[in-house]
Amino acid sequence: MLKKILKALWAYKYVVILFLALGFFSGYFLGEFWLNKSFSYYEIEFKADQDPYEFITYDYFNEIENEINEYNKTQDKKITYYNCDYKAMLKKIKIIENDDSYLLKIPKKFFPNDRSASKGNVLYGIDRCSKFMNIFLTFDSSIGVEFINSSIASDGNDFINSFLFGVLILLFVLIVIIILFILAIIKDGKEQIDDEGNIIKKEVLKDISDNIQIFKTPFHKKYWKESAMVFKSIKNITGMAILFSLSFLTKFIVIPSGFASLGIGITYILLAIICMIYGPFAALIIGFLSDVLGYFVIDAAKGYAFFPGYTLDAMASCFMYALCFYKTKITFTKCLISRLFVNLVVNVIFGCLWWKIIYSLNMDAYLSYMLIYSLPKNLIYLLPQSILLFLIIKAVARPLSQLGYLNEEVAKNITII
């Protein structure tokens with residue numbers, strides 16, 4: 001058994017290495033940019049003439065905020081600060097009494113890093129926290145607050161070691177892979193592993209050679225001719241319109257990702273299904289319409305300017321889905337490849353470039369936005385998005401084949417590798 005497992009791991013070493021790398025980086029970025037930001041603290045050491053429990057309260061902060069607002073009404077030079085949810089923050093604050101000072105521990109999640117489009121830089125949470133607490137704790141001089149450190153706030157201990165957490169996720173992925181290979185070895189169904197570590201099948205996929213039904217690669221004239229023929233059928237155009245309408249409705253469903261204003265949508269699943277059915281030419285049109293109509297219906301109402309770079313992103317994403325799923329054998333590997341392209345090339349590389357161009361960001365702000373928000377978010381959600389895409393495609397493949405939209409042999413043989 002062990003020998004066969006090792007041979008199977010070696011036979012698929014590149015796929016295994018890819019999954020292990022994704023597991024490590026997902027764990028690292030999850031720990032560094034979500035767990036640590038959500039459960040770690042900024043620390044402020046200070047002295048005070050009064051007991052901190054008397055003024056680090058909601059009533060005190062609310063009173064100071066009202067006084068600042070009244071002050072700003074009569075002064076040309078306004079007092080500005082990050083408007084955090086201090087009511088929720090004060091419930092999570094920890095006060096530790098030392099011999100001659102107090103240590104205030106403030107959850108980092110209430111002061112996240114964010115970008116400033118107007119100034120072309122990144123606003124760091126620790127600076128926001130320092131400014132906020134400096135204003136609110138010194139506005140009333142009667143409490144006699146004196147900060148020990150000149151920078152006021154400092155980074156406390158992280159909630160978790162991101163590197164070790166990445167290693168743990170890597171080991172978890174390795175265990176899952178080994179379990180899958182063990183199941184493949186003892187399985188009496190379609191798949192078995194031979195002595196060379198290669199997966200063999202008792203029932204071989206039919207019609208997998210290049211023809212008008214299933215193609216090994218898109219590098220065939222027939223492939224593109226078949227893709228162009230979809231527009232000649234009223235049934236295809238009607239089905240395309242219905243699925244596009246459903247995908248457009250999902251644009252209104254955005255799940256917060258935990259990385260500034262970046263969100264997670266499910267529109268990509270329906271777009272991938274459309275591209276799987278109708279091919280690359282339809283994919284380019286669907287991608288174009290999805291972005292342009294989405295702008296006029298959603299983004300224009302929010303005051304955003306139209307930028308053609310995002311239209312190109314949508315077209316490129318749909319085109320990639322078509323190349324991976326249209327008239328070919330569908331595997332989880334192809335789902336992962338398609339999302340790798342969308343997440344890293346489209347979202348990170350080009351998406352950040354469009355931000356830089358639109359808001360005239362300097363290079364430091366551009367790199368900070370890419371490394372702090374875009375890259376971690378897209379790496380963390382890469383594997384879950386790929387798994388969800390694979391499961392949805394596998395679930396709808398049989399019904400689509402019964403309706404005549406997908407080749408039956410492809411629908412019956414959707415595999416992991």
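Me: In strand 6, which residue is the bridge partner of Lys47?
Reply: This is a predicted model, in which local features need pLDDT of at least 70, side-chain atom pairs count only at pLDDT 80 or more, and totals for chains, interfaces and linings use all residues. Residues are numbered from 1 along each chain as its sequence is written, and side-chain values use heavy atoms, with hydrogens and water left out. Strand 1 and strand 6 (residues 146-147) pair antiparallel through two bridges; pairing requires at least two DSSP bridges between two strands, and strands are DSSP runs (E, at least two residues) numbered from the N terminus. In strand 6, the partner of Lys47 is Glu146.

Me: Which residue of strand 3 is the bridge partner of Ile44?
Reply: Strand 1 (residues 41-47) runs antiparallel to strand 3 (residues 102-107), and six bridges join them. Within strand 3, Ile44 is bridged to Leu104.

Me: Which residue stands opposite Ile44 in strand 7?
Reply: Strand 7 (residues 153-155) pairs with strand 1 over three bridges, in the antiparallel sense. There, the residue opposite Ile44 is Ala153.

Me: How many residues of strand 1 are buried?
Reply: Buried denotes under 20% relative accessible area, exposed over 50%, and partly exposed in between (1.4 Å probe, protein chains only). Strand 1 is mostly covered, and of its seven residues the buried number is five.

Me: Why is Ala316 classed as partly exposed?
Reply: Ala316 belongs to helix 11 (residues 308-325), helices being DSSP runs of H or I with at least four residues. Ala316 is partly exposed because its relative accessible area is 27%.
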